[in-house]
Amino acid sequence: MEGLPVRLVIALVVGVASLSVMMGMIGDIDGLAATELDAQPQPEVTTPGDQSIDVAVVDPDGTRVTDATVIVRGGSARIDGVATARTDADGIATVDVAPELGPNQPDGTLTVDIKPPAGSDYVDERENTRVLVVTG
C-alpha cells in the first residue's frame, strides 16, 4: 500500500505517452488526414494598376480543385479591400486587382489565401506563393 501513489503516477505517465503515440499514428493515415492546398498564381510578377491574376488551386499531386475560394489581400503592396474569386471546373480563379506601391517603393507583394470547398478534406494552413508587384 505504501507504493500505490507512485505506481499510479507511473501508470498515468505511460498511458498518456502511449495514447500520444497512437494518436500520432492515426493522424498519419491518409484517409483521416487533411490535404494541404496550394495556390499557383499566373503571373507571379505584375505591375501596379488594373490586373487580372489567374490562380490555380492544386492539391499535393498537382490535381486542380474546383469550388475553392481564392482570397487576395494586400501585403507590402496595397489593394482596395480584399479580392475574391471561386475556382471554375478547371480549378482556376480569375481575380481582378489594382495593386499600388507607395512613393519610392520599387516592389511589394500581394498575399494569396484559399478557402477550401465546403465538406472537403482540404486545408490551407501553409503560406502560399505571393504575387510580386514591381514598378514598370
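I take helices (H or I, at least four residues) and strands (E, at least two) as DSSP runs, numbered from the N terminus.

**Entry 1: basis.** I am working from a predicted model, in which local features need pLDDT of at least 70, side-chain atom pairs count only at pLDDT 80 or more, and totals for chains, interfaces and linings use all residues. Residues are numbered from 1 along each chain as its sequence is written, and side-chain values use heavy atoms, with hydrogens and water left out.

**Entry 2: overall layout.** I looked up the elements and found one helix and 10 strands in the protein. Along the sequence they follow the pattern α-β-β-β-β-β-β-β-β-β-β. The radius of gyration is 23 Å, well over the 14 Å that the globule rule gives for 136 residues, so the protein is more spread out than a compact globule. That radius is taken over C-alpha atoms, and the globule rule is 2.2 Å times the number of residues to the power 0.38. I also noted the span of the C-alpha trace along its principal axes, about 80 × 40 × 20 Å.

**Entry 3: surface and contacts.** I used accessible areas from the Shrake-Rupley method with a 1.4 Å probe; for residues, only the protein chains shown count as cover. The protein exposes about 8,700 Å², and carbon and sulfur atoms supply 54% of it. Buried means under 20% relative accessible area, exposed over 50%, and partly exposed in between (1.4 Å probe, protein chains only). On that scale 30% of the 136 residues count as buried. For contacts (heavy atoms within 4.5 Å), I took those with a separation of 6 or more, and residues 24 or more positions apart account for 58% of them.

Entry 4: I counted two strands as paired if DSSP finds at least two bridges between them. Five strands form an open sheet in the order β3-β10-β8-β5-β6, with mixed pairing. At the edges stand β3 (45-46) and β6 (83-86), each with a single partner strand, so one side of each is left without a neighbour in the sheet.

I then went through the pairs. Strand β5 (residues 69-74) and strand β8 (residues 107-115) run antiparallel and are joined by six bridges. Across this pair, T69 has K115 as its bridge partner, I71 has D113, and R73 has T111. On the β6 side, four bridges join β5 to β6, again antiparallel, and I71 stands opposite T84 there. I71 therefore has a partner listed in β8 as well as in β6.

**Entry 5: β4 and β7.** I looked at this pair separately. Strand β4 (residues 51-58) is joined to β7 by six bridges, and the two run antiparallel. D54 is opposite T94 in β7.

**Entry 6: salt bridges.** Side chains of opposite charge can pair when their charged atoms come close. My rule was a side-chain nitrogen of Lys or Arg within 4 Å of a carboxyl oxygen of Asp or Glu. The count comes to two salt bridges.

One is formed by the side chains of D113 and R73 (2.6 Å, N to O). D113 lies in strand β8 and R73 in strand β5, so the pair ties together parts that are 40 residues apart in sequence. D113 is partly exposed, with a relative accessible area of 29%, and R73 is partly exposed at 36%.

In the other, the side chains of E127 and R130 meet (3.0 Å, N to O). E127 is exposed, with a relative accessible area of 61%, whereas R130 counts as partly exposed at 36%.

**Entry 7: nonpolar patch.** For patches I took residues with over 30% relative accessible area and no salt bridge; like charges are joined within 9 Å, and nonpolar side chains (Val, Leu, Ile, Met, Phe, Trp, Tyr) within 5 Å. V6, I10 and V14 make a nonpolar surface patch of about 270 Å². I placed V6 in helix α1 (residues 4-27). V6 is exposed, with a relative accessible area of 53%.
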